[in-house]
4 protein chains.
Amino acid sequence: MAGTKFAYVRNFELPDPLLPDTYLVCRLDGHSFHRFSDEHGFAKPNDERALQLMDHAAKSAMIEFKDIMLAFGESDEFSFLFRKSTNLYNRRHSKILTTLTSYFTSCYVLYWSQYFPDTPLRYPPSFDGRIIVYPTERAIRDYFSWRQADTHINNLYNTTFWALIQKGGQTTTEAHATLRGTVSATKHEMLFSRFGINYNEISQRFKKGSVIVREIVAPESSDKGENLEPSMHLTRSEVNKTREESPERSGVPDPPTSIPPHSPSTDQCETPPFDPLRQKRFKSKKKNKLETTVEVLHCDIIGDEFWLARPHLLEN
Amino acid sequence: MAGTKFAYVRNFELPDPLLPDTYLVCRLDGHSFHRFSDEHGFAKPNDERALQLMDHAAKSAMIEFKDIMLAFGESDEFSFLFRKSTNLYNRRHSKILTTLTSYFTSCYVLYWSQYFPDTPLRYPPSFDGRIIVYPTERAIRDYFSWRQADTHINNLYNTTFWALIQKGGQTTTEAHATLRGTVSATKHEMLFSRFGINYNEISQRFKKGSVIVREIVAPESSDKGENLEPSMHLTRSEVNKTREESPERSGVPDPPTSIPPHSPSTDQCETPPFDPLRQKRFKSKKKNKLETTVEVLHCDIIGDEFWLARPHLLEN
Amino acid sequence: MAGTKFAYVRNFELPDPLLPDTYLVCRLDGHSFHRFSDEHGFAKPNDERALQLMDHAAKSAMIEFKDIMLAFGESDEFSFLFRKSTNLYNRRHSKILTTLTSYFTSCYVLYWSQYFPDTPLRYPPSFDGRIIVYPTERAIRDYFSWRQADTHINNLYNTTFWALIQKGGQTTTEAHATLRGTVSATKHEMLFSRFGINYNEISQRFKKGSVIVREIVAPESSDKGENLEPSMHLTRSEVNKTREESPERSGVPDPPTSIPPHSPSTDQCETPPFDPLRQKRFKSKKKNKLETTVEVLHCDIIGDEFWLARPHLLEN
Amino acid sequence: MAGTKFAYVRNFELPDPLLPDTYLVCRLDGHSFHRFSDEHGFAKPNDERALQLMDHAAKSAMIEFKDIMLAFGESDEFSFLFRKSTNLYNRRHSKILTTLTSYFTSCYVLYWSQYFPDTPLRYPPSFDGRIIVYPTERAIRDYFSWRQADTHINNLYNTTFWALIQKGGQTTTEAHATLRGTVSATKHEMLFSRFGINYNEISQRFKKGSVIVREIVAPESSDKGENLEPSMHLTRSEVNKTREESPERSGVPDPPTSIPPHSPSTDQCETPPFDPLRQKRFKSKKKNKLETTVEVLHCDIIGDEFWLARPHLLEN
């Protein structure tokens with residue numbers, strides 16, 4: 001930048017480092033997505049395509065930002081967990097926050113047509129973001145429990161609400177009135193007895209949200225892993241190559257194959273068998289740039305199992 | 001959000017209000033745009049299409065955020081000036097910063113194909129952003145002078161640099177060496193004598209950057225204004241209507257007509273004749289939601305003329 | 001500090017610069033001074049000695065910190081104005097805030113016995129402090145108006161309240177009830193008709209608070225000035241010398257002569273005759289370290305007169 | 001405060017909460033104490049009286065602020081550890097920082113004459129302060145290790161430096177030159193062979209600094225404890241009563257009896273025998289306002305023993 005007599009204005013740019021050795025959570029929220037979902041014809045109570053697009057953007061962000069260990073998404077929001085030792089951009093607050101928000105937004109718009117091939121974007125969607133600093137493992141566990149509990153509560157409410165409207169013929173005002181003050185059990189019962197919906201059989205994606213997790217690739221099994229789930233191992237250059245070859249580029253929308261389809265295997269929390277060497281290997285290979293993959297799951301993260309199987313997420 | 005036992009984690013979300021009654025400048029910078037411009041075949045030293053796309057995104061942001069009074073862009077960066085009395089999002093730092101960064105990014109990706117109809121995006125472009133708080137008019141004037149002086153210095157260097165390469169057959173290393181230590185006059189002379197380029201005749205857009213300014217529509221002339229430059233008066237709903245009707249929506253890229261083409265009229269700083277009533281009208285109409293338009297200019301903003309003609313920009 | 005393996009903990013010390021080119025106001029408040037004034041037998045509604053001690057501490061702070069241009073005190077609080085261009089401690093927030101708070105506290109305790117020779121301190125008094133950043137002259141004017149208006153309102157209330165108790169025989173509960181909902185005129189009337197007190201004749205110190213101002217010494221009159229008011233021109237070493245010679249040091253409390261006694265001359269706002277050269281001289285002598293003095297006044301600072309006579313306070 | 005038209009200036013007072021659930025360390029440093037110690041004739045390399053006064057002020061602060069669990073002092077600095085769950089002043093940064101800084105300063109001046117009965121203060125001493133937020137136990141352990149290692153290094157240097165001057169007849173310049181580049185062992189040897197000083201026999205206070213720790217009073221032994229060390233159990237009202245009766249108040253300086261004299265018992269880290277019930281009792285009594293005392297020690301805090309014996313300090 002120019003060394004002119006005006007350059008003193010840079011002195012007003014104040015430093016904004018985030019406290020070292022703390023977990024950083026960046027949560028993005030869709031801006032006015034109530035209107036956005038209406039204008040773009042999102043299915044109610046959940047639009048599978050919209051959720052897959054969110055997952056795609058989040059997963060892309062995790063491939064781009066290696067220090068994000070975990071992300072959790074529901075509806076139009078996504079939370080990203082940076083490992084506590086991250087030194088990304090020297091932990092500058094605005095730089096981390098805006099780069100991630102911008103990248104996620106960019107993916108959302110760029111990949112939109114893969115998920116909504118017949119619905120062009122009517123106007124630019126946007127997201128706001130914030131970074132929250134958490135000092136302890138306990139707070140991180142509770143943060144993600146808070147979001148997943150929220151997913152559950154919202155989804156049960158919305159599922160019943162829209163059943164009352166779509167199948168029960170109620171207005172939105174009537175449906176809210178019907179639900180006022182009801183507890184979970186009442187909603188379950190209402191869904192089953194009035195509409196024949198067994199809530200337990202509803203897609204895990206809707207009930208649990210999306211858990212995108214950085215997994216460590218065991219060296220001896222990495223080939224196998226790539227064979228099974230090639231999309232998980234894309235490096236940056238491969239991602240680009242894939243995109244180049246994609247028919248989407250010639251104007252025909254690409255089916256969203258790069259995100260594994262909703263399948264029973266990801267409905268369960270795929271906890272790998274306990275491996276006492278996992279953590280040690282993690283540390284010992286640190287200098288060798290440990291190979292990782294990014295997986296999309298729809299599993300419980302409130303209980304201990306998910307976390308015990310992945311001690312690297314919190315750098316225990 | 002759920003009122004669960006986990007909700008205490010919200011206590012870690014700390015307030016981040018920006019100092020009241022100060023100018024806010026938000027500067028966005030393209031992330032790794034050196035590589036991005038290479039991969040997408042940007043013309044050197046300046047790519048008109050890329051600059052128009054930046055302008056389009058910036059102008060859209062100003063239509064969306066009414067408290068942005070002025071923006072200045074060059075290359076892959078844009079600076080936005082919020083009026084000092086803005087109370088957007090209660091002046092919450094992260095909220096303002098991310099919403100604007102995200103919206104700009106979204107526009108950039110969404111409108112890309114209008115400017116690069118034959119060049120699909122190979123990967124998601126992104127921007128970082130920062131907000132700088134300025135307490136005085138003087139500092140704001142100097143901030144924008146700083147950026148425009150930078151534009152001039154960079155453009156003169158780059159114009160000469162690429163002439164040496166494209167017309168002079170030098171390598172990049174040789175061109176840098178040729179230019180090392182040269183002053184402006186030498187570069188001007190080099191351009192003219194060796195390559196027949198009169199730097200003064202180069203497009204104002206390249207030499208001055210893009211000045212996007214919120215202008216006040218004089219009540220009596222507002223109809224005329226709309227007739228002359230319809231794109232300036234788009235309200236949000238009109239913007240959407242326009243988009244709906246756009247052929248772009250049916251898959252065929254739209255020529256970038258919504259941004260006025262580079263023309264002599266905008267090459268000059270269109271300072272309106274001095275109007276002593278302008279400022280008074282501005283204030284007296286405040287409650288009536290003064291009608292404004294957003295104009296793209298390529299004019300000098302270092303001197304006083306631009307600012308004296310638009311006292312509302314700094315709320316004198 | 002030691003270059004040991006533990007020194008990394010310094011990385012947790014984050015920078016905290018205050019925005020450049022803004023006014024800094026540091027306000028100190030006595031901590032639990034309601035109790036403190038009770039335990040040390042302060043006169044009600046105003047204790048002249050206690051106020052003089054506060055002034056002494058504030059004036060000492062202004063002699064120590066040359067960038068404080070003005071201070072205003074009432075009751076157990078004092079506000080200090082740093083000039084907007086101050087670069088004290090590189091404008092580090094905690095450093096400025098704590099050094100001033102500590103110095104003021106130190107003076108308060110050290111000079112206590114000069115004002116309360118027969119009342120030893122029963123426990124350590126303390127003050128809390130905060131720094132508020134103000135971007136404009138207008139806000140600074142309004143800040144000091146806010147404090148002086150507060151002084152007036154509190155003093156009128158307290159004067160009437162204590163008259164009702166001390167002369168009217170009411171309990172505190174009764175006195176509060178008597179005053180509930182009364183306007184200024186009613187209190188004036190009550191004071192005069194029931195207790196023969198003409199509020200206008202009450203000491204300016206109580207009605208206006210203490211205004212401690214850095215005045216510029218006119219070069220040609222500086223000798224005269226020193227002769228007239230020696231205490232204003234004390235340099236650091238002179239201050240120390242004076243203290244050494246003071247009888248206080250041999251155990252006998254010193255009468256508080258170093259603060260000019262409450263006198264008619266300071267009851268009026270001593271606005272010097274308008275001097276068109278004052279400001280110019282201020283600037284032209286900047287490099288020569290302009291000589292200043294620190295004066296204690298009890299005058300109006302809400303109107304323009306005080307400020308117009310002292311343009312250097314706000315660096316107009 | 002007055003509800004006047006000026007009260008809007010309060011909007012410039014921005015919130016400054018510290019991150020919840022983190023350790024807060026507040027470190028105070030004497031301001032220009034090199035000069036202060038010269039002007040007040042401090043003994044070199046260590047002045048026992050000055051250190052005892054620092055300890056007295058720090059201990060008083062810990063009696064006043066119940067959430068300070070530990071303090072460490074050396075020379076003219078003191079670091080205070082607030083427990084991570086403290087909600088003092090709603091964790092407002094400036095409020096905590098200034099109140100503690102002011103209280104410490106006030107104690108230092110108020111108790112000065114107890115330690116320097118023949119040396120009146122020549123000018124007001126002051127301290128600056130800062131708060132550092134630490135997220136982990138590890139960082140807290142390392143912080144205090146850092147300070148104690150610093151104490152050791154400085155004391156060994158200063159002890160040798162002043163021996164060279166006071167006993168070796170060197171100038172300060174010569175002494176610095178003599179020590180340049182020497183390691184610890186060399187200094188030990190120099191002290192012993194040239195001056196007959198066995199560094200190991202030097203007072204623990206000088207070598208280890210002052211460790212002021214909040215200890216939990218075991219319920220069954222609290223009477224005994226009070227008998228042995230009455231000064232440790234002073235409540236606020238008792239402190240005041242003591243002060244009132246103190247002969248110091250009648251002008252005759254009080255010998256510093258309220259701080260236990262330097263004795264062998266405090267030279268050792270008085271680790272109580274391991275008690276498996278200690279931690280449980282701590283928690284179970286939380287609601288009953290656990291009784292604590294504040295002890296001054298001069299012991300190692302780099303090793304584990306000190307911390308293992310006091311799990312309540314870090315709320316393990």
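Chain A contains 12 helices and 6 strands, where helices (H or I, at least four residues) and strands (E, at least two) are DSSP runs numbered from the N terminus. The structure is a predicted model, in which local features need pLDDT of at least 70 and side-chain atom pairs count only at pLDDT 80 or more, whereas totals for chains, interfaces and linings use all residues; side-chain values use heavy atoms, with hydrogens and water left out. Residues are numbered from 1 along each chain as its sequence is written, while chains are lettered from A and ligands numbered from 1 in the order in which they are written. Of the 316 residues of chain A, 56% count as buried; buried means under 20% relative accessible area, exposed over 50%, and partly exposed in between (1.4 Å probe, protein chains only). Among the contacts in chain A with a separation of 6 or more, 77% join residues 24 or more positions apart, a contact being defined as heavy atoms within 4.5 Å.

An unreviewed UniProt entry annotates residues 7-135 of chain A as "domain: tRNAHis guanylyltransferase catalytic". UniProt positions are given in the numbering used here, feature names are shortened, and annotations may be inferred rather than shown by experiment. This span is 36% helix and 22% strand, and its end C-alpha atoms lie 38 Å apart.

The annotation "binding site", also from an unreviewed UniProt entry, covers D29(A) and D76(A). These residues span 48 residues in sequence, yet no two of their C-alpha atoms are more than 5.9 Å apart, so they gather at one spot. D29(A) belongs to strand β1 (residues 23-30) of chain A and, with a relative accessibility of 15%, counts as buried. Beyond its neighbours within four places in sequence, D29(A) is in contact with D76(A), E77(A), S126(A), F127(A) and D128(A). D76(A), in turn, occupies the loop between β2 (68-74) and β3 (77-82) of chain A. When residues up to four places away in sequence are not counted, D76(A) touches L28(A), D29(A), G30(A), F33(A), M54(A) and F127(A).

Charged pairs were examined next. Side chains of opposite charge can pair when their charged atoms come close. In chain A, E39(A) forms a salt bridge with R35(A), with 3.1 Å between the closest N and O atoms. The two residues are 4 residues apart in helix α1 (residues 33-39) of chain A, and are therefore separated by about one helical turn. E39(A) is partly exposed at 27% relative accessibility, and R35(A) is partly exposed at 29%. K44(A) forms a salt bridge with D38(A), the closest N and O atoms being 3.9 Å apart. K44(A) is partly exposed, with a relative accessible area of 27%, and D38(A) is partly exposed at 46%.

In chain B, a salt bridge joins E74(B) and R147(B), whose closest N and O atoms are 3.2 Å apart. E74(B) lies in strand β2 (residues 68-74) of chain B and R147(B) in helix α4 of chain B, so the pair ties together parts that are 73 residues apart in sequence. Both E74(B) and R147(B) are buried.

Between chain B and chain A, 62 residues of chain B are in contact with 62 residues of chain A. The area buried between these chains is about 5,300 Å², of which carbon and sulfur atoms give 60%; buried area is the accessible area (1.4 Å probe) that two parts lose on being put together, summed over both. The count between chain B and chain A is 6 salt bridges. One salt bridge brings together the side chains of D128(B) and K95(A) (2.7 Å, N to O). On the side of chain B that touches chain A, the elements giving two or more residues are α3 (93-115), β4 (127-134), α4 (137-166) and α9 (236-245) of chain B. Of these, α3(B) gives the most, with 15 residues. A network of salt bridges links R10(A), E13(A), R27(B), D29(B) and R130(B).

Chain C and chain D form an interface with 62 residues from chain C and 62 residues from chain D. Across this interface the rule finds 6 salt bridges, and the side chains of D128(C) and K95(D) meet in a salt bridge (2.7 Å, N to O).

Key:
A salt bridge is a side-chain nitrogen of Lys or Arg within 4 Å of a carboxyl oxygen of Asp or Glu.
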